Amino acid sequence: EEYKELTTLQNEKSVKRNKFLFDLSRKYDWGKNLSWYIQNKFHVEKDVGKITSRNNTMRPLVEFLEYDVSNKTDILQEYFIPTAHFAHFVDELRLIVEEEELNLLNATIRYTKATDEGFLTYANEDTFAFVLTFNHPLTKKGIAHMEQATRKIIDSALSLNGTYYLTYQLFANQQQIRGAYLNIDDFFEKKRLIDPDERFMNSFYEKYNQNGS
């Protein structure tokens, strides 16, 4: 019975509370400070010494992130920075966030081992991956501001031999994507060989493929 209780996948708890606190952090700096204080003070201490299953440990809390607002949005971005340049990137990221007055809600940092798997490799050496959550208005001005600020962060990553993750917004310019992924044009060429009629299309390919028909 104890084993069954331990291994049973648990439902997410305190969704309304967490959603309320996260919404405060979207709106106010003191909300960010309050959310961090509560997480640091109560969540960490509560789990010390607790035995749990791998499935429950690795299951992320996601329900509280639901955000049903028409004029703003939360976005994810990810940057892979060589381990030796960790502190430098943190300093530059802090300056950009402050100067651009970005609404940074969360930053998660994880170690990412170098890999050569996949054609477009995002970690050619051991890196720290910075997963950032921003909130911004969905107005033309708000989107344009987030785009130009993102390009500043990408430039910082590139200057430190880092990269950014391709699967999110199409904010990077042509020079930046080719600086992060040196063989991106080879990738597009292989895509055209496999799909010469370009039946499979998306906005990423339309924006960054410069040699298509």
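# Close-up views of a predicted model

**View 1. Strand S3 sits inside the structure.** Strand S3 spans residues 127–137, and nine of its eleven residues are buried. S3 is therefore largely enclosed by the rest of the structure. Keep in mind that this is a predicted model. S3 pairs with strand S1 over eleven bridges, in the antiparallel sense. One place to look is aspartate 74, whose bridge partner in S3 is asparagine 135. S3 also pairs with strand S2, residues 103–112. Nine bridges join S2 and S3, and they run antiparallel. Here arginine 110 stands opposite alanine 129 of S3.

**View 2. Four strands form an open sheet.** What is the order of the strands in the sheet? The order is S2-S3-S1-S4, and the pairing is antiparallel. S2 and S4 stand at the edges, and each has a single partner strand. One side of each is therefore left without a neighbour in the sheet. S4 is joined to S1 by two bridges, and these strands run antiparallel. Phenylalanine 80 has threonine 163 as its bridge partner in S4. In a regular strand, side chains alternate between the two faces of the sheet.

View 3. Return to the pairing of S1 and S4, which are joined by two bridges. Helix H2, residues 15–27, packs on this sheet and touches S1, S2 and S3. The direction of H2 makes about 110 degrees with that of S2. Helix H5 packs on the sheet too, touching S1, S2 and S3. The direction of H5 makes about 5 degrees with that of S3.

View 4. Glutamate 78 lies in strand S1, which covers residues 72–82. Is glutamate 78 buried or exposed? Its relative accessible area is 5%, so glutamate 78 counts as buried. Which side chain makes a polar contact with the side chain of glutamate 78? The partner is arginine 110, at 2.4 Å. Beyond residues up to four places away in sequence, glutamate 78 touches Arg110, Ala129, Phe130, Val131, Tyr164, Tyr165 and Tyr168.

**View 5. Helices H5 and H6 cross.** H5 covers residues 86–100, and H6 covers residues 140–159. The two axes come within 10 Å and cross at roughly 165 degrees. An angle over 145 degrees counts as roughly antiparallel, so H5 is roughly antiparallel to H6. The crossing of H5 past H6 is right-handed. On the H5 side, the contact is made by Phe89, Glu92, Leu93, Ile96 and Glu100. On the H6 side, the residues are His145, Gln148, Ala149, Lys152, Ile153, Ser156, Ala157 and Ser159.

**View 6. Glutamine 176 reaches a backbone oxygen.** Glutamine 176 lies in helix H7, residues 174–180. At 3% relative accessibility, glutamine 176 counts as buried. Where is the backbone oxygen of arginine 151 relative to the side chain of glutamine 176? That oxygen lies 2.9 Å from a polar atom of the side chain. Leaving out residues up to four places away in sequence, glutamine 176 touches Arg151, Ile154, Asp155, Leu158, Tyr164 and Phe171.

**View 7. Two loop residues have positive phi.** Most residues other than glycine have a negative phi. Asparagine 161 is not a glycine, yet its phi is positive, near 65 degrees. Asparagine 161 is found in the loop between H6 and strand S4, residues 163–164. With a relative accessible area of 58%, asparagine 161 is exposed. Glutamate 198 is not a glycine either, and its phi is positive at about 50 degrees. Its loop runs between helix H8, residues 184–194, and helix H9, residues 203–208. Glutamate 198 is at 15% relative accessibility and counts as buried.

View 8. Leucine 61 has its place between helix H4, residues 54–58, and S1. How accessible is leucine 61? Leucine 61 is at 45% relative accessibility and counts as partly exposed. Along the chain, leucine 61 and arginine 94 are 33 residues apart. Their C-alpha atoms are separated by 26 Å.

Note on methods. Residues numbered from 1 in each chain as written. Predicted model: local features only at pLDDT ≥ 70, side-chain atom pairs only at ≥ 80, totals over all residues. Heavy atoms only, no water. Buried < 20%, exposed > 50% of the residue type's maximum accessible area, 1.4 Å probe, protein only. Polar contact = N/O pair within 3.5 Å; in protein donor to acceptor, adjacent residues only side chain to side chain. Contact = heavy atoms within 4.5 Å. Pairing = 2+ DSSP bridges. Axes fitted to C-alpha atoms, helices over the stretch in contact; angles between N-to-C directions. Parallel < 35°, antiparallel > 145°, perpendicular 65-115°, else oblique. Left-handed = near helix turned anticlockwise from the far one by under 90°.
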